[in-house]
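Please read the points below alongside the sequence and the model.

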Amino acid sequence: MPTIVVDVMPKAELLDPQGKAVSGALARLGQDAFTSVRIGKRFELTVEGEVDDELLATARKVADEILSNSVIEDVVGVEVVE
């Protein structure tokens, strides 16, 4: 069954306290190759049958209206994985 994956991230201009905490932990553990970390959300929507353009458009609408908070988050990806 195909799965539609939706990735949501905090808006770039907003602070990401979880990402900052992870970034600090990495630095304390000697992992200094990473300059910053941002943490988002991933949704996997499993469907039966084929994913056509109409269903993908519906998934994008659901991502924008339900899965993300447009005030503080951006939908950065909607893709089909088999």
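**Notes on the sheet and core**

1. Thr3 has Thr46 of β2 as its bridge partner. Strands here are DSSP runs of E with at least two residues, and helices are runs of H or I with at least four, numbered from the N terminus. The model is predicted: local features need pLDDT of at least 70, side-chain atom pairs count only at pLDDT 80 or more, and totals for chains, interfaces and linings use all residues. Residues are numbered from 1 along each chain as its sequence is written, and side-chain values use heavy atoms, with hydrogens and water left out.

2. β1 and β2 run antiparallel and are joined by 6 bridges. Two strands count as paired if DSSP finds at least two bridges between them.

3. The open sheet has 3 strands in the order β2-β1-β3, with antiparallel pairing. β2 (41-46) and β3 (73-81) are the edge strands, each pairing on one side only. From one strand to the next, the twist averages 20°. α2 packs on this sheet and touches β1, β2 and β3, its direction making about 150° with that of β3. Axes are lines fitted to C-alpha atoms, for helices over the stretch in contact, with angles from 0 to 180 degrees between N-to-C directions.

4. The largest nonpolar core has 9 residues, among them Ile4, Val47, Leu56 and Val78. Such a core is a set of buried (under 20% relative accessible area, 1.4 Å probe, protein chains only) Ala, Val, Leu, Ile, Met, Phe, Trp, Tyr and Cys residues joined through side-chain atoms within 4.5 Å. β1 (3-10) and α2 (53-67) are the elements that give two or more residues to this core, and α2 provides its largest share, 4 residues.

5. Leu56 touches (heavy atoms within 4.5 Å) Ile4, Val51, Val78 and Val80, not counting residues up to four places away in sequence.

Technical notes: Buried means under 20% relative accessible area, exposed over 50%, partly exposed in between (1.4 Å probe, protein chains only).
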